[in-house]
2 protein chains.
Amino acid sequence: MFESAELEHKIDKATYRRGEPKLREALLNAQYDLKVNGRFPVLILIAGVEGAGKGETVNLLNEWMDPRHIYTHAFPERSDEERERPPLWRFWRALPPKGRIGVFFGAWHTYPVVARVRGEIGEAEFSQHIAEILRFEKMLSDEGVLLLKYWFHLSRGQQKARLKALERDPRTRWKVTDLEWKYFKLYKKFVRICEPFLRRTSTGEAPWIVIPGADPLYRALSVGRHLLAAMRERLDEKPVERLPDKNPPMPEAIDRRDVINSLELDQPMTRDRYQKELEKWQGRLNLAARHPRFRRISVVAVFEGNDAAGKGGAIRRVTQALDARSYFNVSVAAPTEEERAQPYLWRFWRHIPRRGRFTIFDRSWYGRVLVERVEGFCKEPDWMRAYKEINDFEQALTRHNIVVVKFWLAISKEEQMKRFKLREKVAFKRFKITEEDWRNRKKWDAYERAVCDMVDRTSTSIAPWTLVEANNKYYARVKVLRTLTRAVEAALKRVKQEG
Amino acid sequence: MFESAELEHKIDKATYRRGEPKLREALLNAQYDLKVNGRFPVLILIAGVEGAGKGETVNLLNEWMDPRHIYTHAFPERSDEERERPPLWRFWRALPPKGRIGVFFGAWHTYPVVARVRGEIGEAEFSQHIAEILRFEKMLSDEGVLLLKYWFHLSRGQQKARLKALERDPRTRWKVTDLEWKYFKLYKKFVRICEPFLRRTSTGEAPWIVIPGADPLYRALSVGRHLLAAMRERLDEKPVERLPDKNPPMPEAIDRRDVINSLELDQPMTRDRYQKELEKWQGRLNLAARHPRFRRISVVAVFEGNDAAGKGGAIRRVTQALDARSYFNVSVAAPTEEERAQPYLWRFWRHIPRRGRFTIFDRSWYGRVLVERVEGFCKEPDWMRAYKEINDFEQALTRHNIVVVKFWLAISKEEQMKRFKLREKVAFKRFKITEEDWRNRKKWDAYERAVCDMVDRTSTSIAPWTLVEANNKYYARVKVLRTLTRAVEAALKRVKQEG
């Protein structure tokens, strides 16, 4: 993996001076085209061994191109706001928007590599991290991010020489602290861990590019030319003849029985019973949310359902039980401009709650496999891969002690008609019924199909779907409250056992 | 101030039941109209004594209206990301966008009142806080925020009775802890502090509305009806006949001498000298930025100037001296959709750096009094008040140990022509020259006027403007570096003295 990089690569100043101005001009042009094109972001990861010129390269990129459209981020100690979210959160919040270049100085690879070198994690956990990285990077690529991963390498001898040289120069002496020498002693171990890491996280779309770090001029031209070529290739992309997308069709049940039409949507619940159950479960939810251990978890509740199925009413019965300080409602409508410039999960990641808090999503990331699929807002390969991306997302949440609870509120077509008509009559409900609702109704069957596929593919043991029979609002609300409460109580128990 | 509120206000259930459905319907309609209108946000502050129904009211608002468009925020302990920014930052990041309702459960009034009651701050500092609150709220009002401040009051007897009642009920017992009784003992002191606080922070646009908190039904209808009336008034606003805006004209110098045309724009600096000075100041800046005490301050550097005056080049000479991990460039162009839905300073507040970091603004909030003024993008009263708002903003920064450095890079009209022509020739500079640059040039005099007014009104001892004679790029870059370095060095000295 590092063989080529350890050769003594060198160019003389004259060669550099001939090459640099042209490269710089071309990079600046590419950056300009990227901005005008505006259809994808470039994300550059800078990694590798100490003293191999990572910082210098980042400065150089900022110097060659227009620094106003480059977003450089480093990731030192996590802040408390970051520690309260899953590890990937800090990278999501720093992603460059379309048309821009982001430079990540250290990124999601840093922690697993360093922790493995220090022996803080074992091989199994290391593998888990690698798998997570692969999934995350695949998602970025599929979302159109041009991901370029540069690994700056030095041989052991080169690293030693480099540190010594830095120490000798009074202007750079500060760069070499005890820490650098400590890392130097770990060189062999570091390389032994990195080599398989690079191999395992190099994919067709996002391979690691190893840069020989010893000669500053060689290094600079290498990175610059590769970056240029990669940007140009994507910018000048012409449509090519390809095999058709190869997503297999989803199976259809031969007897037309599905998880939705098998539901008994009319469930009994009298008003009296409802009042009692409501009080009981709201009380228990309230108690759970005020439990001291609740500060160690958080809750993401997702409400999806047919139009007029009573999502708003159910959400209100939940929030009634909670202190207003502890929840945040996210109503998902059309994405904003800043959200459209990011991978589609970005707008949900930004609302992941801190510890001890609820985020309640009225509609959610499942829009991708429901409305976007049915209305054709995204292509089949995009919603097909979304099932996996969503499962990965929810796994990242649950692994961080975030309780994920998902409700599908189902009503019958007849019940919906009744409610639509009622809404049109009652003045203060008038804004709950729009032309769109009537349009959606015409695609009832397509939606039902999409819902069934969604449940089949994303109802997992860590984040199961709860199908709520909702023709009777009382029954539906109680079922929502009971399910949510039990999930929170179970999580409180779990963190207790974990100590 | 609290006389009316301490009367025994009460309504019976029957009255409430007659009034509530209508009120609810009207509120829901108002909320819908607000969303459609989309021209202003509503920000509701909830404050007052313990046990007076603040939490219940917030829940009620979420129940009466559509909670999907209400953003409720509480402000407990500040996170470390918040502590590293000025105190107002956490409120800026929580402001509701236009068309939405924000509910702040406790806000900028909480700290000064509580600190004063506890005796942690004296009368002088309390007054300072009040002055800052007045300025901040005026800015919000001027920016179109409908700010509604509700103060929930109980007499001492009412508070005692309320706490006892809560304690008796097993379902609410948890609400009364030792802390509540501790606060109760401070009741008299609390009211003695609050009374003048409310008086001094009540203005024509944003008076405190005192709500009698003893009777839940009375309280609910009071808040609801007031909120409705306030929203309706703003939503139904008809143009009225008014006196013309009364901003006095800005004085003009009789001899036509101004701070810009008095500059000697051609300053000598040879290439040799430049290389030496550059190295010297970059070295010193680098040292300063790596100083251990630098972690206790942060830097906001603003670059403004004529088109083609060399802002980009100067910024690059600054970033060359810095570790790429320590700065963030913000290039100010047209605001995004999310930014347009907020007061205009919002998009700058969001980029205020954490401790130990630089944010470098290429163009800035001064667009308000430069391009927006000259091009007529905002009205005279708006840019006239901006001078004060900007001074307040920069004061909030400097008070929090953020070094604010502002550069105006000035070139002559002839020099600009030379550079424009050069840019059109050199391919890799082509995207630095646009039609707009040529258009701006035609308004040279109007811009010069605006620049002079800006300098006169916003060059303050805490955040002075540095006018940079920039016909000679070498001279300009060195002056920028020297000024910035000295400002950082002075701040390091200052925090040392503060201990």
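Helix α21 (residues 473-498) of chain A lies across the strands β6, β9 and β10 of that chain and runs at about 165° to β9(A), where helices (H or I, at least four residues) and strands (E, at least two) are DSSP runs numbered from the N terminus, and where axes are lines fitted to C-alpha atoms, for helices over the stretch in contact, with angles from 0 to 180 degrees between N-to-C directions. This is a predicted model, in which local features need pLDDT of at least 70 and side-chain atom pairs count only at pLDDT 80 or more, while totals for chains, interfaces and linings use all residues. Residues are numbered from 1 along each chain as its sequence is written, and chains are lettered from A and ligands numbered from 1 in the order in which they are written. Chain A averages a pLDDT of 91, and 97% of its residues score at least 70, pLDDT being the predictor's confidence in each residue on a scale from 0 to 100; the model as a whole scores ipTM 0.75 and pTM 0.84.

The sheet of chain A on which α21(A) lies can be followed strand by strand. It is an open sheet of 5 strands in the order β7-β8-β6-β9-β10, with parallel pairing, two strands being paired if DSSP finds at least two bridges between them. At its edges stand β7 and β10 (465-469) of chain A, each of which pairs on one side only, and neighbouring strands are turned by 20° against each other on average, direction ignored. Within this sheet, 5 bridges join strand β6 (residues 298-305) of chain A to strand β8 (residues 358-362) of chain A, the two running parallel, and A:F303 has A:D362 in β8(A) as its bridge partner. A further helix, α17 (residues 380-399) of chain A, lies across β6 and β9 (402-410) of chain A and runs at about 135° to β9(A).

Chain B has an open sheet of 5 strands in the order β7-β8-β6-β9-β10, with parallel pairing. Because β7 (327-331) and β10 (465-469) of chain B stand at the edges with a single partner strand each, one side of each is left without a neighbour in the sheet. Strand β9 (residues 402-410) of chain B is joined to β10(B) by 5 bridges, and the two run parallel; B:L409 finds its bridge partner in B:V468 of β10(B). Helix α21 (residues 473-498) of chain B packs on this sheet, touching β6 (298-305), β9 and β10 of chain B, with a direction that makes about 165° with that of β9(B).

On the scale of the whole chain, the domain assignment divides chain A into domain 1 (3-235) and domain 2 (271-498), bounds that come from an automatic or database domain assignment. The C-alpha centres of these two domains of chain A lie 39 Å apart. Their contact takes 17 residues from domain 1 of chain A and 18 residues from domain 2 of chain A, two residues being in contact if their C-beta atoms, placed from the backbone, lie within 7 Å. On the side of domain 1 of chain A that touches domain 2 of chain A, the elements that give two or more residues are α5 (89-92) and α7 (123-142) of chain A, and α7(A) gives the most, with 4 residues.

Between the chains, 42 residues of chain A are in contact with 42 residues of chain B. Several elements of chain A give two or more residues to this side, among them α2 (13-37), α3 (54-64) and α13 (311-320). A rotation of 180° with 0.0 Å of shift along its axis superposes chain A on chain B with an RMSD of 0.0 Å, the copies being superposed by least squares on the C-alpha atoms of residues with pLDDT of at least 70 in both. That is the relation of a two-fold axis, and the same surface serves both copies, as 100% of the contact residues of chain A recur in chain B.
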